[in-house]
Amino acid sequence: MSTKNDILHRFEGLSLWEHFRNNSGASAVDIAMVESHIAYAVPLLDRYTETFRKYTLHNEQHIKNIIKIMGELLGPNVEKLSSLECAMLLLSAVYHDLGMVYSPEELTEIGNEPTFHIFLQENAKAMVEYEENDRQPNDSLIEWYCRSMHAERVWIHLNKVNNIFPLKWQNSSIKTNLGYLCESHNFSVEKIIGNLSNFNNQYLGKCDLVFCSILLRLADILDFDNTRSPKSVYEFLNLDNPKNKLDAFSKMEWEKHLNSDGFVFSWNNDSTEVKAIFSATTPHPNIEVAIRSFLSTIAAELASCHKLQRFCSAEWIDHPLPDGVDIQNLTAENYQSGDYHFSLSEDKILDLLTGDGLYNDEFIFIRELLQNAIDTSRHREFYELQSNPSFVVSPIKAYFFKDSLGYQWIRIDDYGMGMSEDIIANHLLKKGDSYYKSDKFKLDKIKINKALEKDFVPISRFGIGLLSCFMAGDRIEINTKHISSSSESFRLGIEGRSAHYILQSQKKHHDPLPMPSQYDKNEGYRNEFGTSIAVRITTKKEFWGFDLKTELEKFIICSPIPILFEGNIIGGNHEVAVDRPWIEDEIVSIDSSFVRKVESTFGIKFENGINIILENINITKRSLNPNLKGQIAFIAVKAEYENKGVFRDISFVLGFDDNIFTVNVYGTKKVERGNEKEVEVHEAYDINFIVEKLKIPEVLHDGKFDSQEFRVRENMLLSHNGIMLKDPRGIFSLNRDRINRHYAKSNHNNYSFIYLGILYFQDELLPDLTVSRNEIKGLSFDLVSSLGFSLEPLNKYLHNSFHDFTFFRRYGRFEEFTSAEIEKSKFYIKNQDFLDSYITLEIDGNICSIKQLKEVTFTEKQFHFNYYRDSFYDDFLNYVIEQNFEVKIAIDENGCSCKFFISNRNSPFPKALQGFLPITFVNFGKDERLVFGHRLNINHPFVQWYIKAAPTLDSDYSYYSKQLIYTLFNSNGKTAFENCSNIIERLNDVLPDHLKPYKTFTLQKSDLS
């Protein structure tokens, strides 16, 4: 441990230190006071790494550098410093960063500090991070907060040390003014100027505190060289391998300093000018760019200090300060310096975003404006409901009109949140930066979720919707008033996608340009909260017969916020379309005379005649997720019969004959008639009266349902928050290969049922769509499982239980889900009580629910493992088993098959293995092989190594991470062994020592036999 003399000895030779001790006129008592504080504070500063472990050095070296730079900035004028000015400069150099030192107890209590919660209120990003971490400060938040507070916390240390070594100059306390001086290094110059009463330039008649604040802030920022970032410490901290954003930031800060030789201050002969000459040799452009960026910050600080110097005393007001930074000695090593980086061509990108490469409809902007209007209206509703439970937002209104010059306009008015100047500048007109991705909105969303227990998720995602207006328009006019202000309204005019816009403010008394309107030709600023957007259609895109109502109906279905055009609701009333049954449950029995006719014609015998099942599947009521709503009107044939063998391939078809809804019976009979080998016989019965039982909302008919003919026989409307989704590949078409299949010929299409329905997805429950929203790319487990359980009544129409939940014929590509995907959805956790009672297993020949099995203690009970089901339910069932029980297999002597056993789970299933299908990793008992079929031995050394290495593999070698496992059961034994061995060899070269595979196991061919 350094002694007081050791510490003080290190400052010898520095001009400021030498002047203070030898030439300033300071008394022995004053010198002793300063030395005592230096000896006290310097050892404390070494503890800053307990909070800021990877920060560049803020210890004794930094203090020494600052004192040295202060002297160099003073040059020959150091001799003009009074003894008190010397003392204040030395003490501020020592104490200004001491607020970075926290005790372990102080760090633990940060979450309880009032100033921490003020910090959160002032930083939306920090508050979001805090809320998402269950209102607990994590390491990054603590570091961020401590860094922001370090200047203010100097008072804690000054108050404490003042009781040990009083901060007195002669008979006056200097603690308060020293505190202001230390704090000031973290202030803006404007804040110092605004608080000049704390910075007396004639303090005690001997000290210019304004000038001292200039020297402190400049010396602090100019301490930019490799003495603050020793190479040995850099390597010890392993900053070459950053693990997170904080580490990456620290790495760049250290590398900037490591490659910097710092500043030399060159005075001219008559000491009237000083230059700050910077030197560095950079080995990489990224470091050079970072250094140049920091040097720009330094140049800006120098300019600010010149501004502050005007408030100095006569003694220092004309003292020379560097005018800027000389960077002639900033050189590149082994590469050509220049601004070489990927950049975007703005015009080309705008062409892409407003051309047919992204959207295939020039009037798609109508959808974009509508979804923005729905988003902000719903946001307003949630916002108001927190304080006014009866609030209902006003409908959205759409208009189509001509102005006085004959130009056509489309205008959308909403009564949502409106836009502030910040939203306009940083989100509306900043393409790709949607407000709904901002920290302010995330924070608002968290508040809504807490207050209303609802998770509002907007439709808008990319912040490029407004650009689409220029596909068919040439001018956009906006009128908006944000809900946070009772007086601030804005008018915005945009002429062309690359043009500058006109922004007018009501508060600044700008005379607003008239807002294009169908009714008010002199419309000024908005009086009501919300936004109006009008788009002028370019004459190039005008055409005869354009109908806005038709365009609106292309995009809107069951909007949660009514959308009005010419006084009529577009896209249907949400409640009527989604919640009011389209059909009542009923079994319609076909007339017995027709039944007898069919029996006679086809040589069959019906058990209970021919029946038509009418069933309303109320998705809203049955859904386990409140964000899934809708219904399906399902009509199917039910006609169990005994075939006496005369006819084969008997099938029942619901269809139309001459626009009459009929039930048809077809059968094929073998004949010997010339070249004919078989003949098809057909009987039909009029059931057109069933059409009258359907109560489909009239607004949903045109272009969506053919209510008179059902020629398509399958109609499923899809909506997300009121915006219609397209499903050209029929992903949500019911599965005719499985549902009611036994009433159809084996080699023919199955039309033994028809259906009409609407699936209304809300908020986060949304198919993964392309940017243009024209194609479904994927389905989340939450969506698939929620929809599957909502349609559970359809299971009774499937052939057997092995096919349960196989309701959609083209789901296949989306229906394999890993344990991690299922876990992320929280579907099981949210509905655990219901699901544990619903899910059953065949255990030792008995049917038991998960709930029953969890209530008893047992070991190795055999259960029937279902290999055949082809639906999400298969993965989900396996996940539930995996989470609740330990699975073991017993491989038979021939190695051809195995039996499955379960026992109570004693420890959680390893998170590292959840990236694969459930029940991939199981206990092999005494069998030591690694692979059997699609199962891996969880106790094998390979799998145990994988569990330990998975976090690094998933982060840095994600392809290898998956290949290692999948190659084991997707290849034959020889290929699997070769592929796996090659991957392991590669990983052995690149992984850190403690994760190298060969230190844990050696893969043998017998492992894969």
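Predicted model: local features only at pLDDT ≥ 70, side-chain atom pairs only at ≥ 80, totals over all residues.
I617 and I632 are bridge partners, the latter in strand β17.

**Strands**

β16 and β17 run antiparallel to each other and pair over eight bridges. β17 covers residues 628–638. β16 spans residues 611–618, and seven of its eight residues are buried. β16 also pairs with β14 (residues 586–589), again in the antiparallel sense, this time over four bridges. In that pairing, V588 has I612 of β16 as its bridge partner. In a regular strand, side chains alternate between the two faces of the sheet.

**Nonpolar cores**

The largest nonpolar core holds 83 residues. Those with the most contacts inside this core are F20, M70, M88, Y95, I174, L222 and F263. Helix α13 (residues 209–222) supplies the largest share of the core, eleven residues. Another core lies apart from it and has 67 residues, including L734, Y797, L853 and I881.

What does M88 touch, leaving aside its neighbours within four places in sequence? M88 is in contact with I174, N177, L178, L181, Y203, C207, L209 and C212.

Helix α3 takes in residues 28–45, 18 residues in total. From first C-alpha to last, α3 reaches 26 Å, close to the 26 Å expected at 1.5 Å a residue. Of its 18 residues, 14 are buried, so α3 is largely enclosed by the rest of the structure.

Helix α25 (residues 781–790) contains L783. L783 is buried, at 1% relative accessibility. Its C-alpha is 7.4 Å from that of P767, a residue 16 places away along the chain.

**A buried serine**

S559 sits in the loop between α21 (548–555) and β12 (563–565). Is S559 buried or exposed? Its relative accessible area is 4%; because buried means under 20%, S559 counts as buried. The S559 side chain reaches the backbone oxygen of I561 at 2.5 Å. Leaving aside neighbours within four places in sequence, S559 is in contact with I374, G572, H574 and G722.

**Salt bridges**

Side chains of opposite charge can pair when their charged atoms come close. The whole structure has 35 salt bridges.

The K307 and E190 bridge links distant parts of the chain, 117 residues apart. K307 belongs to helix α16 (residues 285–309), and E190 to helix α12 (residues 189–194).

Key: Residues numbered from 1 in each chain as written. Heavy atoms only, no water. Helix = DSSP H or I, 4+ residues; strand = E, 2+ residues; numbered from the N terminus. Buried < 20%, exposed > 50% of the residue type's maximum accessible area, 1.4 Å probe, protein only. Polar contact = N/O pair within 3.5 Å; in protein donor to acceptor, adjacent residues only side chain to side chain. Contact = heavy atoms within 4.5 Å. Expected span 1.5 Å × (residues − 1). Pairing = 2+ DSSP bridges. Core = buried A, V, L, I, M, F, W, Y, C linked by side-chain atoms within 4.5 Å. Salt bridge = Lys/Arg side-chain N within 4 Å of Asp/Glu carboxyl O.
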